[in-house]
Amino acid sequence: MGNVLAASSPAPPSAPGSGVVQGGPGLVSVPPGFSMPSVPPPSVPGQPAGETGSPLPNPGTYEECHRKCKEVVPIQLEGVRLVVNKGLSNHFQVSHTVTLSTLAESGYRFGATYVGTQQTGPAESFPVMMGDMDNTGSLNAQVIHQLTSAVRSKIAIQTQQHKFVNWQCDLEYRGDDFTSAVTLGNPDVLLGSGIIVAHYLQSISPALALGGELVYHRRPGEEGAVTSLMGRYTGNNYVATLTLGGAGAHATYYHRANDQLQLGVEFEGSMRTQETAVSFGYQLDLPKANLLFKGSVDSNWVVGAVLEKKLLPLPLSLALGAFLNQKKNTFQCGVNVTVG
Amino acid sequence: MAGIEELSPAVGPVDTRPPEGEIDEDEDEELDETFIERLWGLTEMFPDTLRSAAEVTISSSVTMAKKLYSFSRAALWVGTTSFMILVLPVVFETERLQLEQQQLQQQRQILLGPNAGMSGGMPGMMPPAPVKM
């Protein structure tokens with residue numbers, strides 16, 4: 001069961017219309033009408049920090065650079081969610097999710113994950129196939145496969161009932177000290193529309209990595225491109241990342257104060273809406289009390305926290321979340337219970 | 001002169017002012033309405049600049065006091081709810097953990113004797129073995 005759990009990527013993207021609210025503009029600005037699927041990148045392989053002999057380590061993927069800071073910030077929970085995970089074998093895992101929500105629709109979701117037999121590292125195996133189906137018939141599916149030792153591919157589709165909303169294919173090449181990826185999103189040969197995203201990230205020094213992103217989108221009668229540059233500096237116990245692009249600026253700073261406390265500061269400025277937002281988040285880890293606490297304060301006067309506690313004799317984990325918007329005086333709270 | 005007529009002595013001197021009682025009534029009526037105004041009228045003895053300066057000072061301090069009151073209300077509410085969300089659960093959990101650990105320590109003390117109750121007590125310390133017959 002360890003294989004299945006370790007190799008599975010984070011949960012597939014939730015269908016639009018679920019109650020999760022995440023503030024702030026996305027990294028890639030996509031014109032309205034296009035939906036950039038938020039498919040999570042493959043899990044970080046257990047690669048050593050540098051190949052023996054080569055001084056520069058592989059920098060990881062482009063999307064992961066802001067991830068460390070984002071993980072510190074809590075996610076807004078809403079309503080009651082019960083997740084039951086059951087591992088049927090070393091390769092196969094099944095999950096049932098029941099969501100009861102006040103803002104969005106309540107529903108049931110069934111998910112299955114299959115992890116294949118080709119082992120590339122101690123904690124990963126390929127191919128990984130994940131599928132998720134809603135009670136209304138909406139499907140999210142992902143297939144991740146390691147084609148060669150350096151090339152990884154991913155195909156993801158997302159449907160809303162019977163209509164295909166997102167379909168994308170992704171190819172990633174990991175070199176010695178660089179990573180490049182090409183993503184083809186919603187290609188439609190008949191209409192002549194689609195999105196192509198190209199990422200490139202290069203290690204300049206063991207601490208510094210620079211990269212760029214190019215997004216080209218095309219629709220019948222309209223086409224455009226957006227570029228952005230990214231720099232990431234890794235220190236002893238901190239990671240600072242800056243992304244500058246046509247869509248705006250996004251800077252994050254992640255700091256590990258001690259093995260219990262991690263801090264993250266995020267600054268986001270969007271050219272399109274001419275708005276800036278700063279948010280400060282912290283994560284407190286108390287393994288002795290089986291407690292994980294994440295809190296955040298925002299420049300939009302939003303205060304939120306999520307408390308996760310493992311109720312230990314049973315394989316049960318309880319998450320309580322509360323988000324309060326002081327300015328608009330609105331409040332949202334939620335409970336997540338995870339079994340297994 | 002013969003044309004001057006003598007008024008009847010009953011008429012008495014011509015009174016151009018109303019009698020005392022009416023004067024008092026009139027002034028009493030004015031007194032009921034104008035007590036505050038009489039006090040206010042007293043301030044008219046101060047020069048204009050002093051009066052306007054005092055008025056500005058008093059009105060601005062009243063406005064500031066109102067603003068301070070409403071600000072402290074809002075700040076108290078924001079502070080309390082933010083503290084409740086961000087800090088309180090962690091405080092509860094750490095207190096609970098401390099209590100549990102204390103309880104465990106106490107139990108260990110009761111079971112194994114006072115010295116063994118300390119976490120990281122001396123490794124060579126053995127509890128007294130029961131005497132077997």
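Strands here are DSSP runs of E with at least two residues, numbered from the N terminus, and two of them pair if DSSP finds at least two bridges between them.

This is a predicted model, where local features need pLDDT of at least 70, side-chain atom pairs count only at pLDDT 80 or more, and totals for chains, interfaces and linings use all residues. Residues are numbered from 1 along each chain as its sequence is written, chains are lettered from A in the order in which they are written, and side-chain values use heavy atoms, leaving out hydrogens and water.

**Exercise 1.** Work out how E11(A) and E12(A) pair.

Step 1: find E11 at residues 222-234 and E12 at residues 238-245 of chain A; seven bridges hold them in the antiparallel sense.
Step 2: look at the link, a hairpin with three residues joining E11(A) to E12(A).

**Exercise 2.** Carry on from E12(A) to E13(A).

Step 1: E13 covers residues 248-256 of chain A and runs antiparallel to E12(A), with eight bridges.
Step 2: A:Gly245 has A:Gly248 in E13(A) as its bridge partner.
Step 3: two residues lie between E12(A) and E13(A) in this hairpin.

**Exercise 3.** Describe the contact between chain A and chain B.

Step 1: count residues with heavy atoms within 4.5 Å, which gives 20 from chain A and 13 from chain B.
Step 2: look for salt bridges (side-chain nitrogen of Lys or Arg within 4 Å of a carboxyl oxygen of Asp or Glu); the rule finds one across the interface.
Step 3: name the partners, A:Lys309 and B:Glu93, at 2.9 Å from N to O.

Technical notes:
Helix = DSSP H or I, 4+ residues; strand = E, 2+ residues; numbered from the N terminus.
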